[in-house]
Amino acid sequence: MTTERGLVSPTKETEIALHEEIILAKRQITDNLDQILTVLPQRVHRALAPYLEEHSDLLELVLDLGRPAEARFGNNLHVDLLPASDDPMDTANEVTLDDIDHVISRISDFGFDNRAGIERTLHRISCIRNRAGRVIGLTLRIGRAVYGTVDIIRDIVESGKSILMLGRPGVGKTTKLREVARILSAEFRKRVVIVDTSNEIAGDGDIPHPAIGRSRRMQVKRPEEQHAVMIEAVENHMPQVIVIDEIGTEQEAFAARTIAERGVQLVGTAHGNSLENLLLNPTLSDLVGGIQSVTLGDDEAKRRGTQKTVLERKAPPTFDVIIEIMEVDKLAIHHDVAKVVDKMLRGQLPRPEIRVRNTGGVVEVVQKAELPPDRPGEKTGGTYGMTFEPEPIPFSPSLPEGRSQGMGSGMGTERKSFGQSGKTVHLFPYGVSRSRLERAMANLRVPGVVARDMKDADLIIALKATFRREPAKIHEARGKHIPTFVVRSNTYIQIESALREVFGLQPTVLPTDEEAAISEASDAIEHVQETGEAVELAPQNAYVRRLQHQLVERAELGSESLGVEPRRRLKILPNTLV
């Protein structure tokens, strides 16, 4: 049977054959075992050969001075390759310094992390030194590129969400990272950069292993510089995806958050077996939003049915999805980290989705994800931390006819318009940009001028942040019966909206917080381009900061995030060198 395109549709037998081929391809392994065998001393190589014929799951070789060489296979099988003699004085079968030097002379130089490798392979050789710095022990770990291991989470990888993998050493975290990098770079043609601290993901040497596909690899000179290379990768190479192995320090966690805010997909691993371990780790808890202690009011605590002091997530998680690798083919997946963390902090245990790959290579979901229902007064996932909004300062009710009172943006009491009188209105900007106020009045063609002194003003337009921080002048103005209009942010949109209300012009829909933040960033970009001076923006949540970062990048300026939640904010720099 031929289709319209002239292709023969596969028969049932063909489909079965293809399915079997796919299952076999899922376990395609490239281990470059020959290369590591060539660096071994001849007597160790000869002793190892018979075991390789029976076992294909060699994990590592251990050469320690004065002890028999040891081979470690899967299923906890350990074999002494040079068995010790019954005679304690017989040292013929012990590893010697010559054996260790033989290996060292055939591999790359050891780095600051005491790791080396073999060029264009994934093998990792780690050393143990004595107090004088002499190498007296070697661990030769077999590196394998296993193709198909990511099929079990392929839907998550393709979604573009940031993924953090957890699991014990040797369970396959780095193998999955390597496969993720290959799929995203080769199949989806995304710009993928691997930050490879110990050359474990892409292998040793300047030319990366083909197992990473079209991904680019940035090597790290010293482990403590990994966070700096992570930021450099984003600023210099415009990646869509960054792959990181072993996030282990506070600086690296901070760099990961900065990268995520710039809209880059992160795929990484961290120390810890489970999300609970990560949450209790003060160094890395920021990856899942961090924890802060919050004191509730009496009414709020009663409404929630909790104690007055509770734990809350203080920021959005850096990673959207967390995968706990329980076994090579068994994973526990937390799809919504924000909601899961919120539940865990409230003493509830969400059930993760558990996926397994059966013996036939088919992925099965053996347990569906389930979140406990919200208790009265609770909300998960949508907000983080606690936000306290101070009440507006009360204003004198006895204001002259035609004056405005209360807080702006629809938050005050009923007011009469200045536009009804037709007289020129003197406005004093308190924390508000004078130039934007003048521009807004010119564009709206309202009878207003900027007053040089507060005592000469008919109306004060105050910035909300300044209004809260320095209320003394506002109280002084109230004593002189000068009304005050408060705007949320020092942006043109907010100022124009305030003037429309003041002069009774046709109202417009006020901008959302997101629109106001974007407008603020646009105004700041103009200021930086004109003056060359850096500008700090108002604090925003992670999502809005990400939008602001993208806006700054399009303007070819630099940007960085400062502070901690909930006061974390963007700083726009005059050039791209942060």
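1. A search of the whole structure, which is a predicted model, finds 25 salt bridges.

2. One of the salt bridges joins Glu-60 to Arg-72, with the closest N and O atoms 2.8 Å apart. The two residues lie in distant parts of the chain, 12 residues apart: Glu-60 belongs to strand E2 (residues 58-64) and Arg-72 to strand E3 (residues 70-73). Glu-60 counts as buried because its relative accessibility is 18%, and the cut-off for burial is under 20%. Arg-72, with a relative accessible area of 26%, is partly exposed.

3. A second salt bridge is formed by Arg-217 and Asp-196, whose closest N and O atoms are 3.1 Å apart. Arg-217 is in strand E11 (residues 216-219) and Asp-196 is in strand E10 (residues 192-196), so this pair ties together parts that are 21 residues apart in sequence. Both partners are buried: Arg-217 has a relative accessibility of 13%, and Asp-196 has a relative accessible area of 2%.

4. Arg-257 and Asp-286 also meet through their side chains in a salt bridge, at 3.1 Å from N to O. This pair again links distant parts of the chain, 29 residues apart, with Arg-257 in helix H8 and Asp-286 in the loop between helix H9 (275-279) and strand E14 (291-295). Arg-257 counts as buried, at 4% relative accessibility.

5. Helix H8, which carries Arg-257, comprises 12 residues (250-261). From its first C-alpha to its last, H8 reaches 17 Å, close to the 16 Å expected at 1.5 Å a residue. The helix is followed by Gly-263, which has a positive phi, near 80°.

6. How much of H8 is covered? The helix is mostly covered, nine of its 12 residues being buried. The buried positions are Glu-252, Ala-253, Ala-255, Ala-256, Arg-257, Thr-258, Ile-259, Ala-260 and Glu-261. These buried residues pack against two helices, H7 (226-237) and H17 (542-554). They also pack against strands E12 (241-247), E13 (265-270) and E25 (558-562).

7. Strand E25, one of the packing partners of H8, belongs to an open sheet of three strands in the order E24-E26-E25, with antiparallel pairing. Strand E24 (535-536) and E25 stand at the edges, each with a single partner strand, so one side of each is left without a neighbour in the sheet. Two bridges join E24 to strand E26 (residues 569-573), and these strands run antiparallel. Within this part of the sheet, Glu-536 stands opposite Lys-571 in E26.

8. Taken as a whole, the protein contains 17 helices and 26 strands. Of its 578 residues, 47% count as buried. Among contacts between residues at least 6 apart in sequence, 62% join residues at least 24 apart. The accessible surface comes to about 29,400 Å², and carbon and sulfur atoms account for 49% of that area.

How values were computed: Residues numbered from 1 in each chain as written. Predicted model: local features only at pLDDT ≥ 70, side-chain atom pairs only at ≥ 80, totals over all residues. Heavy atoms only, no water. Helix = DSSP H or I, 4+ residues; strand = E, 2+ residues; numbered from the N terminus. Expected span 1.5 Å × (residues − 1). Buried < 20%, exposed > 50% of the residue type's maximum accessible area, 1.4 Å probe, protein only. Contact = heavy atoms within 4.5 Å. Areas by Shrake-Rupley, 256 points an atom, 1.4 Å probe, with all protein chains shown as cover. Salt bridge = Lys/Arg side-chain N within 4 Å of Asp/Glu carboxyl O. Pairing = 2+ DSSP bridges.
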